[in-house]
Amino acid sequence: MSASRCCFPSLSSQKLSPRRVLATFLSAFAFALLTQSVVASDAPPLTLEDVFASPSLFGTSPSAPKWAPDSRSFAFTWNDKGLPKRGLWLSSADGKQLRQIPLPGASASPRDFVWQGDGQYLLVLQGNGLWQLDTSDGSAEQLGILGDDASTLTIAPDGRQLAFLKEGDLWIFDLRKKTLRALSQLGIPALSKLSIGRYNRPEREIGPGIWGGPTYAWSPDSKRIAVHLVDRQNMRKVPFPDYLAAETTPNEIRRGYPGDANESRQVGIIDLSDGKLELLPLEKTDAQQVIGFSWSATGVLLVDIASDTAEDRWLYRVDEQNELILVWHSNRPSRIYTAFASAWHSDNERVIFLSDLDDRYGLYQINAFTPEKSPKRISDASTDVLSAPQVTKSGQIFYTANAPTPAERHVLRIDANKGSPEQLTRLPGYNSAYPSPDGAHLAFIHSEANLPPEIYALAAPGEESHRVTHSQSERFKEQDWARSRYVSFPSHIDDYTLHARILEPLNLEPGKKYPVLFGPMYSNTVRNRWSGRYSRIQQLLVQKGYVVVQVDMRGSTGYGRDFREEFLVDFAGDDIEDIVSAVDYLKSQPHMDTERMGIWGSSYGGTLSIYTLLKKPGLFRAGVAAAAAVDPHFFGTDDVAIVRRPDTHPEVFLNTAARYADNLEDHLLIIHGMQDQVVPFKTTAALADLLIKKGKDFDFAFAPGATHSWSREAHYSRYLFGKMLTHFDRYLMPEPATSN
């Protein structure tokens, strides 16, 4: 379980009066009785094989667009046939002209690419080679060999050199001389010989932290590079045995537990003339994370820091002597997330940053060179900002927010000097912004509950967007996809109004009661978006005859600070009561069979599933807990933002699943990957052993080579989802009628 639990109705989860709660309840109840008459198609229903078929019925989702410097076109990787291998595609700014760019003979998909010059050439990392592609005539030239593990390409502002990461170090490729050199010599290889898992990172590297962060950034004069240096050598060694090796090996990695020192994360500046690295004087580097850093156009470095607990946030600028000058500091003991970001305004004086100073996450501005202490909010105070600010050269700021309801995500634009935010996207659903450098055009990735991600282009504000990619097969278009609706209902323990998304068949048969599945459980799930393989499984479940329910429990964003921060040091606590409240609501729905209900989820969703069965026996008939965190002593060092530390909050660490093991009476299936480094397999094995000793009946499905992301590998995903479907069908689907 990570600290980032890494997303409606117009009613917010504010405290409501009893009269308003009753009105909300009755309104939702009346709406729930409505059914929609839709003619079903003749397409064959989905099967588990369809979910994992290649070519994919659901298509291959395009990558994030990258704009040419001249703002006339953007490029992305994609496969228009639904196959895994990706090609490189080029679209005009308005999205109306799309073509595939020929790649050199290598069979591998492009691993990374960057624009060179104004927009004629692309530098592409394919296989171990660096290629220059001419977008005008399709010709290609191999410039050099960078290596199979090269990544994160960027071109210097002067266009003369290319930087990239390899083997934990920063490398430079001279584009004129075609020579290669290691700018740093800091990388130390990982302990693990098995190259999988979240914590399988180098002992020391220039690169991101375990849970993300910046890597490096060129100065505007191309003479210096700011780098993120991560050192894990002081973290404890933890064995994750490899049972698939010729002989079982310990396979140690660096991994901490709450209360341990975290990885050390520092910011340094490398001078390209001599390769000298100077580290900035940051304190407590093993308990603070680097949110990001960026250079202004005048060469001033901005550094964004937050404590691992999320209680503190600092913005610094770096002076000519590489000393840190505090721009702004915020402290709030109740904060639990680090949904932060920052960027320079184009005036090179103001900083635009994302924070939670008010009830909703918002964008703020502050002058980095004057002693201002109160940042000014520039985004709408009634919505949560959900992305980092993207500032164009003209000073326009693009961002996404949950407008007009938490179920939706739209792209907005604002001028920090004047005016109000302007909503640019109109398609209902989830939209992610990729503005052109000049701010005149917008590419965005759009998805809905029944539509996987696609790229759209908006030539100018106010115009109709143009769909660029069409990824799904003809059979996808013929399917009867689930109907989604969003409902509100009161909490049974306090005055919050809660929210859920219900997926159900298009045609509900009169008088029929449908079995109900809650899941996948997690925060921020009541959203009109496509969620990858989970959405495929949800659609399959609905076609099999289930109603699928997801709940935004406390801890979710979109409903205000109080509701979000109710989750602090209360995992598997009152958020389970929110699930109970959802069940109470479903009992008012005539087509819901609340005697045949199941619950499932992965990671913290698995935690919710197993703790709900243990703390509320009989509420659900069956449950599937995948990669479930069941012992807070084995959470990660980054999870201190949720549970804090054993020495400061010892009571939280008593909340183990083992404490409630005697209560198991429902049908439980545990799923776990044996190479899960986020939630160690050991914790589930220990719980399983205890359940066996107590004489409890349950099922266990494991995968020897699966990590925490057990559904990422198709073979493990097919096997384990198959076990889940069989489990629910066995205990929730009615037996066929027998004749006398």
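## Close-up views of a predicted model

View 1. Antiparallel pairing links four strands into an open sheet, ordered 1-2-3-4. Strands here are DSSP runs of E with at least two residues, helices are runs of H or I with at least four, and both are numbered from the N terminus; two strands pair if DSSP finds at least two bridges between them. At the edges lie strand 1 (66-67) and strand 4 (98-101), each pairing on one side only. Strand 3 (residues 87-92) runs antiparallel to strand 4 and is joined to it by four bridges, with S91 opposite L98 of strand 4.

Before we move on, a word on the model: it is predicted, so local features need pLDDT of at least 70 and side-chain atom pairs count only at pLDDT 80 or more, while totals for chains, interfaces and linings use all residues. Residues are numbered from 1 along each chain as its sequence is written, and side-chain values use heavy atoms, with hydrogens and water left out.

**View 2. Strand 26 and its two partners.** Six of the six residues in strand 26 (residues 362-367) are buried, meaning under 20% relative accessible area with a 1.4 Å probe, protein chains only. G362, Y364 and I366 point one way, L363, Q365 and N367 the other. In a regular strand the side chains alternate between the two faces of the sheet. Strand 25 (residues 350-355) pairs with strand 26 in the antiparallel sense over six bridges, and a hairpin of six residues joins the two; L354 has L363 as its bridge partner. Strand 27 (residues 376-377) also pairs antiparallel with strand 26, over two bridges, and there R377 is the bridge partner of Y364.

**View 3. Helix 4 against helix 10.** R533, Y534, I537, L540 and L541 of helix 4 meet A714, S717, F721, M724 and L725 of helix 10; contact means heavy atoms within 4.5 Å. The axes of helix 4 (residues 533-543) and helix 10 (residues 714-732) come within 12 Å and cross at roughly 35 degrees, taking lines fitted to C-alpha atoms over the stretch in contact, with angles from 0 to 180 degrees between N-to-C directions.

**View 4. L586 in the largest nonpolar core.** Of this core's 83 residues, F518, V549, F571, L586, I610, F620 and L668 touch the most other members. Such a core is a set of buried Ala, Val, Leu, Ile, Met, Phe, Trp, Tyr and Cys residues joined through side-chain atoms within 4.5 Å. Helix 6 (residues 574-586) gives the largest share, seven residues.

Terms used: Buried < 20%, exposed > 50% of the residue type's maximum accessible area, 1.4 Å probe, protein only.
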